[in-house]
Amino acid sequence: MATLYEYFIRDGAQKLTTQEVWSLAGASGKKLGDLTARLHSDFDAHACYISFFIPDMPDVACPEAFVLNKIKEILDWPKKIVVQAGIGGEMKDGRDLVFTGQIYLYSERPVPDELITQLSSEADAIGHRLAFRSNNYMNERNKWEKPKAFISHDSRDKQNIAEPLALQLQKFFCPVWFDKFSLQVGDSLRESIERGLKECPKCIFVLTPNFLSNGGWSKREYDSIFTRELIEQQKVILPVWYNVSVEDVYKYSPMLADRFGAQWSEGVEEVARQLVRVIDFGTV
């Protein structure tokens, strides 16, 4: 089941996105939580819009009001964005984009109806449009969206390999089970992982030197999926190779060494494209 944060990351992923995280602290200096702001720039449409992720912070009275007071600051971010339209194309400056006034608020806490009405009215008065997306939004989408693949990786490879791959797959409209997006505070790690391993049609293994040397979670996930392949008599494993040789993989698992894998050296976009072709269409 996807979390609200995963939908926040996935929605608008097709657009060039600039992001900042703001930490809120109480009077005593105690950290209360992190708010995430994203500016989505669509250079083809010559427009931009904003989204926020607001975690459940019981000690903060109205985090929605806090983030909405940051709109002017966020609209200064395009000063840093310059892109080239295709090979040899013209340079496009983010400062030329038109703010549509659309603002999405992904809020883990239930936002009272009276607050929604008040904030929406204040936003309308200055030409802004608010869309509130809460756990109800998450639950409705989860009724018809299910992860198509489980991403198994070593935690040391999360930031540089697994997460960029998960984000790229989301851009290709391929929802995945990825721990950073799919786990919520309080979830049972073992139960959540086992459910993902059982329910996802495919499992992507990010094979790196770290993965092959890990005898913990990564090895148990591989053993579980290998057993599932034997029981279901169908191919579930989709390997991605990163700085490993056939000999390295053979030492880990002779059966896995015989499985054709995507090569990370071809770039995350191409790797994701190859995976999607197999996941959605069954072809390389």
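This is a predicted model: local features need pLDDT of at least 70, side-chain atom pairs count only at pLDDT 80 or more; totals for chains, interfaces and linings use all residues.
1. Let's start with the mixed sheet. Five strands build an open sheet, ordered β1-β2-β3-β6-β7, and the pairing in it is mixed. The edges are β1 and β7, each of which pairs on one side only. Going from one strand to the next, the twist averages 20°.

2. Next, the antiparallel part of that sheet. β1 pairs with strand β2 (residues 31-42) in the antiparallel sense, over 10 bridges. If you want a pair to look at, glutamine 19 stands opposite arginine 38 in β2. The hairpin of β1 and β2 has five residues between the strands, and glycine 29 in this hairpin takes a positive phi near 90°.

3. The parallel part is worth a look too. Strand β3 (residues 47-54) and strand β6 (residues 98-107) run in the parallel sense and pair over seven bridges. Phenylalanine 53 has tyrosine 106 as its bridge partner in β6.

4. Now the salt bridges. The count comes to 13. One of them joins the side chains of aspartate 11 and arginine 133, at 3.3 Å from N to O. This pair links distant parts of the chain, 122 residues apart: aspartate 11 sits in the loop between α1 (4-10) and β1 (16-25), while arginine 133 belongs to strand β7 (residues 129-133).

5. On to the parallel sheet. This open sheet also has five strands, in the order β9-β8-β10-β11-β12, with parallel pairing. Its edge strands are β9 (176-177) and β12 (262-263), and each pairs on one side only. Strand β8 (residues 149-152) runs parallel to β9 and is joined to it by two bridges. Phenylalanine 150 has tryptophan 177 of β9 as its bridge partner.

6. Which strands do the helices pack on? α6 packs on the sheet and touches β8, β9, β10 (202-207) and β11 (237-241), with a direction about 145° from that of β10. α13 packs on the sheet as well, touching β8, β10, β11 and β12, and its direction makes about 170° with that of β11.

7. Finally, the two helices against each other. Two packed helices are described by the angle between their axes and the distance between the axes. Here, the axes of helix α6 (residues 158-171) and helix α13 (residues 268-281) come within 9 Å and cross at roughly 60°, which means that α6 is oblique to α13. The crossing of α6 past α13 is right-handed. On the α6 side, the contact is made by Pro164, Leu165, Gln168 and Leu169, and on the α13 side by Val268, Glu269, Val271, Ala272, Leu275 and Val276. How do the residues of this contact divide into nonpolar, polar and charged? Eight are nonpolar, one is polar and one is charged.

Note on methods
Residues are numbered from 1 along each chain as its sequence is written. Side-chain values use heavy atoms; hydrogens and water are left out. Axes are lines fitted to C-alpha atoms, for helices over the stretch in contact, and angles run from 0 to 180 degrees between N-to-C directions. Helices (H or I, at least four residues) and strands (E, at least two) are DSSP runs, numbered from the N terminus. Angles under 35 degrees count as roughly parallel, over 145 as roughly antiparallel, 65 to 115 as roughly perpendicular and the rest as oblique. A crossing is left-handed if the near helix is turned anticlockwise from the far one by less than a right angle, and right-handed if clockwise. Contact means heavy atoms within 4.5 Å. Ala, Val, Leu, Ile, Met, Phe, Trp, Tyr, Cys and Pro count as nonpolar, Asp, Glu, Lys and Arg as charged, and the others, Gly among them, as polar. Two strands pair if DSSP finds at least two bridges between them. A salt bridge is a side-chain nitrogen of Lys or Arg within 4 Å of a carboxyl oxygen of Asp or Glu.
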